[in-house]
Amino acid sequence: MIAEKSQRNSGVVGTSDCCLIITTALERSNSCLALSVFSAMRSSFDQGSSVEGWKWSRPDVQTYASLVRGLAASLRVSDAINTVNEVCRVGVSSGEEVPFGKVVRCPSCMIAIAVAQPQHGSQQIASCAKCRYQYELVSGDIVSIESEEISMDIPAWERGLRFLQVMKQNIPAAVHSIVVQTPTGAARTHRFATKTVELPAREGERVTIALAAPSNVYRKVGPLQFNTKAPGFNPGEPMCLTNHKDGRESELLRAPLKNGRMSLLNPSVLFPVLAVLATGDAASGIIDPRLPQFISIAAVASVAIGTTLNSVVLPQLNQLPQRSVDVIAIKQQLLSQYDLLQTRIKDLREATEKEVWMLARMCQLENKILAVGEPSYRARRSRVKRVRESLENSLMARIELIDSYARISSMIEIEVEMDSDVLAAEAVSNAENISEQIEQIMELENLEQRWRIQAEANDEVERLLSSQPVPTEQDSFVSLVLNKKRMNCIRIMN
C-alpha cells in the first residue's frame, strides 16, 4: 500500500505511518498485527530488517505510548508492560545477549566504582577515587549456600560496653557460607555474617562480592609495601554483596570463629591481666616508689601509640596516591550518574506498570458499562472516560521521561565502554598481531632448520657415493646402508 502510494519499490516507512498502522490495528482489536509491526521496527536496530526493499523506521516515544495505551485498552497488560520494558532499553535489540553489566558500589563510600559484566569472574581489582582504597570483585552464580542462625544472647558486660559505645561492631544474626562459580568454571567459597537472618541471595542467582584487597595487592613506598585494603578488614574479607537479579546490596559482617574467640575485653581475660599488672606495680613499688608511675605512663603511651598507628597512620599509608585515582574519577562519576538514572528509570517503570493496570481496569469497567446499556450509567461512563484520559496523558508523560533517561544512560554506556572495552579490544588485537608475527617467525626458523638438515643429508649421501669404489659383492650392502641413512634423514626432517 505504501509502495503504491509513493510509487517506489524501496525506501523507509516513516514513523508516522508506522504509528498509524499500529493505532489502527489496535482500534480494530488486531493486537497481533500491532505487535508484529512494532517487532519489525525494533529489529531495525540490527541494520538488517527489510521487506522487498522497504525498511522500517525506529520506534519513537509516540509509537511506544500509542502501543502501551492500545494494549492496555485491549486488556493485553503483560504485552503493555513488556513494551514499557523495551522503552527502558533504548537502542538495544530485543535479542540482546551482551548487556552493559551491573554497576558495583564501593563498600565503604557506596559510590559506583566498576561494572560487573557477564564475562567477568574473579581477579577484578577496582579502585575507589573517593576513599582511595582497592577492592577485589568476584562475580558468578551461587552454586550452594548454607545458613545458620546465631543466638542473639549477649553477655551483660558486652551489652554494657556497647551502651557506653566502647564496642561499635554490629551484632550478626546469621552466618552464611556460599560457593560462587565464575564464568570460567572456577569455584570459590565465601563465609560471612549478616545483620538479619534474611538471605542476601538465593541459589542460582548471579552476585558480585566486594572483598578487601588481597595481600598481593599493594603499593610501594620506597622499600616498603602497604596493602591497599580498607581499614578494619582483613585481606580478602567479604564486605558487600550485590544481587544482579534485584539490584539489592547487602552489607556483610565478619563471621565469628567456629571455636570461639578470646578478647581482652572478656572478663575472664581482663581481670587476670589487671591482677597481674597490679601485682607487678606493688612489687615494683617496693624497689622504687616511682616505678609504678613510670610503668603506667609507659603502658598508656604504648596503647596510645598503637591506637594512633592502627587508626590514623596505617590507613593513610594504605591509601592510593591522589594522582593515581584522578584518571578513574571521571569514569566513576559517570557510573554514579548512570546508577542514579537507572534508579529513576526503575521507579518510573514501576509507576508506569501500576498505571497500565489501572488503565486496563478503567477500560474493562467502561466495557461493562457499555455492555449493560443502562441510561443511568451515562454519568458514570463520563467519569470513567475522564479518568481514562487522565491515565493516558500520565502514561505519555512517564514514557517520555523513561525514554529521555534511557537515552542519557546509553550515552554514558558509550563513553564508559569507549574508555574501557574499546581500549582493551585494541590491546588484545595488538597482542594477537604480535603473537601472529612471532608464530610466523618461529615457523620460518623451523622451515630453515629443516632445509639445513636436508642439505646436510644430501651432502652426506653424495660424499658416500663419490667415495672410492667397493667390491661388487658388497654393492647390495652399501645400497642398503645408503637407503637406511636416507630414511633416517627424512625422519629427522619430519
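## After helix H2: Ser29

Helix H2 is followed by Ser29, whose phi is positive, near 60°; helices (H or I, at least four residues) and strands (E, at least two) are DSSP runs, numbered from the N terminus. Ser29 is a residue other than glycine with this positive value. Its place is the loop between H2 and H3. With a relative accessible area of 63%, Ser29 is exposed; the term exposed means over 50%, buried means under 20% and partly exposed lies in between, using a 1.4 Å probe and protein chains only.

A positive phi is also found at Arg132, about 65°, although Arg132 is not a glycine. Arg132 sits in the loop between strand E6 (124-127) and strand E7 (134-149).

## Basis of the model

This is a predicted model, in which local features need pLDDT of at least 70 and side-chain atom pairs count only at pLDDT 80 or more, while totals for chains, interfaces and linings use all residues. Residues are numbered from 1 along each chain as its sequence is written, and side-chain values use heavy atoms, with hydrogens and water left out.

The protein chain has 12 helices and 14 strands. Of its 494 residues, 32% count as buried. Among contacts (heavy atoms within 4.5 Å) in the protein chain with a separation of 6 or more, 64% come from residues 24 or more positions apart.

## Helix H2

The 13 residues of H2 should span 18 Å at 1.5 Å a residue, and the end C-alpha atoms are 18 Å apart, which agrees. The expected span is 1.5 Å times one less than the number of residues in the helix.

The buried residues in H2 are Cys18, Cys19, Ile22, Ala25 and Leu26. They cover an arc of only 130° around the axis, so they lie on the same side of H2; the arc is that of the directions from the helix axis to the C-beta atoms. The buried residues of H2 pack against strand E1 (11-13), H3, strand E3 (54-56) and H4. On the face turned away from the buried side are the exposed residues Ser16, Leu20 and Glu27.

## The nonpolar cores

A nonpolar core is a set of buried Ala, Val, Leu, Ile, Met, Phe, Trp, Tyr and Cys residues joined through side-chain atoms within 4.5 Å. The largest one has 45 residues, of which Ile22, Leu67, Val68, Val356, Ile399 and Ile402 touch the most other members. Two or more residues come from each of helix H2 (15-27), helix H3 (31-42), helix H4 (61-73), helix H5 (77-87), strand E5 (112-116), helix H9 (322-372) and helix H10 (378-419). Domain 1 (1-88) and domain 3 (324-464) each give at least three residues to this core; the domain bounds come from an automatic or database domain assignment.

Leaving aside neighbours within four places in sequence, Ile22 is in contact with Ala34, Val37, Phe38, Met41, Thr63 and Leu67. A second, separate core has 16 residues, including Ala114, Leu137, Met239 and Cys240.

## Salt bridges

Side chains of opposite charge can pair when their charged atoms come close. A salt bridge here is a side-chain nitrogen of Lys or Arg within 4 Å of a carboxyl oxygen of Asp or Glu, and the count by this rule comes to 14. In one of them, the side chains of Glu251 and Lys195 meet at 3.1 Å, N to O. Glu251 lies in strand E14 (residues 249-251) and Lys195 in the loop between strand E9 (187-194) and strand E10 (206-212), so the pair ties together parts that are 56 residues apart in sequence. Glu251 is partly exposed, at 44% relative accessible area, and Lys195 is partly exposed at 41%. Glu198 and Arg248 also meet in a salt bridge, at 2.9 Å, N to O. Glu198 is in the loop between E9 and E10, and Arg248 is in the loop between strand E13 (238-243) and E14, 50 residues apart. Arg248 counts as partly exposed at 29% relative accessibility.

Another salt bridge joins Glu355 and Arg398, with the closest N and O atoms 2.9 Å apart. Glu355 lies in helix H9 and Arg398 in helix H10, so this pair ties together parts that are 43 residues apart in sequence. Glu355 is buried, with a relative accessible area of 8%, whereas Arg398 counts as partly exposed at 25%. Salt bridges that share partners join Glu366, Arg381, Arg388 and Glu392 into one network.
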